[in-house]
Amino acid sequence: MLNRRNVLAAFAAAAIGLQGFGMSAAPASAQDIIDASLRLKWLTQAQFAGFYVALEKGYYKEEGINLTINPGGPNLLTENLVATGADTFGLSGGTDSVFAARDKGMPVVCIGVSHQQTPFVFVSHKDGSVQKVEDFKDRKITTWFTGANHVLSAMLSKVGVDPKSADIQPQQVSVTPFVDKQIDVVTATRYNELYVINQRVGKDNLNLFVPEDSGVSFPRDTLIVSEQTATEKPELVERFLRASVKGWKEAFANEKEAIDIIMKIAPTLDRAQQEFMLKEVKTLMVAGKASTDGLFTIDKAAVGSANDLLAQYGVISKPVDLDKAFNSSFIDKIPAEEKRL
Amino acid sequence: MSGIKASAASLPVFSTGRVYAAIKPILWLTLGLAVIEATVVLFEIRPYYLPRPSAIAANIVATPGAYISGLWRTVLETALGFVAGSVFGVAIAIVFHRWTLLRELFFPLFVVSQTIPVIAFGAVVVLWFGNTLFAKAVISFYISFLPVTVNTLLGFNSVDPRQVQLMRSFGAKDGQILRRIYLPAALPQLFVALKLASSLALVGAIVGEWFGDTTGLGVLLLQAMYNENVVGIWATIVVSACLGMGLYSLVALAERRIVFWGNEQ
């Protein structure tokens, strides 16, 4: 009996899912509430707190959007899901993944940049052999081959070290090999891996190498929509951004409550780690141009430098047309004072 | 932990009554856990490598809601995928057995389908079915049906053709022969496959949950893995193992009830 009910429920759910194809943003009822979904780049965590706060507090409802937040996962490419219309909005990997998608001809547009600075740093042991970027030569380094490797190459080239002279390996999930000193340099996002490394090695025993110090910038965590949504429903995009900005401001104004909301959805998370994450995410989101122009500002200069970097290393066949890939008209409609913290 | 239980089960049994038989697995399990706990403490194994069993238990008890709702969700996905996979597997076996041409045409395709890694296939399933329970059940179905088909076909082949000829000479129809001879003959083999499929379906459901979901054991596993929450990883492994053993025992119980004559021919 129970089984049959579940089968039916599953079929119903699947039917709704199918219906959502390509028209997930179609008006759902006479009350002019629009169904839409946001696909995150990863599982529920404080990195996405603002969206969850906006949802919990009904900010999306106030803007007439019935939003569903879908978490991401490994092997799920947000650009793909947004380009096919399976999801309306996406918080995708970053400028790197947007460029790669545009280079492949995927019709996605970035409507806002969340992390204004490179969110990851390279870390070495203070008592180890790597004290400055020049020391990376001949050392064992692990990094992510999804863009971070090119940031590393650029940093090395700037100080005259041939990237090929370093032993650069793909980085696995765990930072344990670094903690155990099996490798010399590890890549760490400021909001996640760095927390684990700080806990296990001690903050004072680490050297941090910041890409911006080498003049390399790689903004990440980009909000994207399909070209179709951008041209056919500009007001939906604008309303989504307004509610999201409001949610993020609320999350930063009341961090404890924001963490409560996240912990309610994912109770097995480590609260202290999530609090650290929110603080770090805040630093990244209000850095650079966002300090004057507000959250989700698209800094064309920073984005452009990432564009050149990727083209230089042959990741994309040629520099992408920035104005087509990054549309700041939606976020610019919201006055700066509303977006600033 | 399942290894300990299995080795305990294979030990010679000196039966001293029913009570002992009933509590024996629990005794062995407790003893095994105590040994692990003592080993970890004595040799000062760092929690990143192997946390103490008591720490794992404490982790589950600290947020029971997450584990219970995760378990329930995964059970539903697994059950749906398992039942669909088993029914489809048997049905395809019947079709392939009845129409040999179809088997020659399509069986290789089925085998090829199993060589595609689920990880590659999962992203497509999410694209098609979204973040629904149904999508996870599809993955679970996908990796559980082939063993059922293969084993059922094997069971069908074990039927003595003279028995079938005898039935035919009495004017039995195809459906009757299927029900009276082929299916009963295939049952022992089928249950071997179902036991396999129950574990595979669970794996399918857990992997399916890695493609963007909010609840389920797979989500807990992924979250723990990427936050380097080793105790959390182990807690999820323990819960998944219990679920796997539970499903397996259910199928084994059904086997003992249905195939009461055992595997003898």
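Me: What makes the lining of the largest cavity, and which residues are in it?
Reply: A:Val173, A:Val175, A:Asn192, A:Glu193 and A:Val196 line the largest cavity together with B:Tyr226, B:Asn227 and B:Glu228. Each counts as lining because it has an atom within 4 Å of a cavity point. Bear in mind that this is a predicted model.

Me: Why is that space called a cavity?
Reply: A 1.4 Å probe fits there but cannot get out, so the space goes down as a cavity. The volume is about 40 Å³, and the structure holds two cavities of 30 Å³ or more.

Me: What makes up its lining by class?
Reply: Four nonpolar, two polar and two charged residues. A:Glu193 and B:Glu228 are in that lining, and they fall in the charged class because Glu counts as charged.

Me: And which residues line the second largest cavity?
Reply: A:Trp42, A:Leu43, A:Thr44, A:Gln45 and A:Leu269 from chain A, plus B:Gln223, B:Tyr226 and B:Asn227 from chain B. B:Tyr226 and B:Asn227 also line the largest cavity.

Me: How do you know that chain A and chain B are in contact, and how many residues take part?
Reply: The cut-off is heavy atoms within 4.5 Å, and 38 residues from chain A and 31 residues from chain B come into the contact. About 3,000 Å² is buried between the two chains, 64% of it from carbon and sulfur atoms. On the chain A side, A:Leu43, A:Val173 and A:Thr268 lose the most area to chain B, together 19% of what that side buries.

Me: Why is the pair B:Arg46 and A:Asp180 called a salt bridge?
Reply: The N to O distance between their side chains is 3.4 Å, and the limit for Lys or Arg nitrogen to Asp or Glu carboxyl oxygen is 4 Å, so the pair qualifies.

Me: Which helices of chain A supply the side that touches chain B?
Reply: α1 (2–19), α4 (78–83) and α8 (193–201) each supply at least two residues. The largest share is eight residues, from α1(A). By class, that side has 21 nonpolar, 14 polar and three charged residues.

Me: What about A:Lys264 and A:Glu56: why does that pair tie together parts apart in sequence?
Reply: Their closest N and O atoms are 3.0 Å apart, which is within the 4 Å cut-off, so this is a salt bridge. A:Lys264 sits in helix α11 (residues 255–265) and A:Glu56 in helix α2 (residues 49–56), so the bridge links parts 208 residues apart in sequence. Over all chains the structure holds 30 salt bridges.

Note on methods: Residues are numbered from 1 along each chain as its sequence is written. Chains are lettered from A and ligands numbered from 1 in the order in which they are written. This is a predicted model: local features need pLDDT of at least 70, side-chain atom pairs count only at pLDDT 80 or more; totals for chains, interfaces and linings use all residues. Side-chain values use heavy atoms; hydrogens and water are left out. Buried area is the accessible area (1.4 Å probe) that two parts lose on being put together, summed over both. Helices (H or I, at least four residues) and strands (E, at least two) are DSSP runs, numbered from the N terminus. On a 1 Å grid over the protein atoms alone, a cavity is a set of points where a 1.4 Å probe fits but cannot get out, and a pocket is an open set with protein on both sides within 12 Å along at least five of seven lines; lining residues have an atom within 4 Å of a point. Grid points are joined across faces, edges and corners, and a volume is the space filled by probe spheres set on the points.
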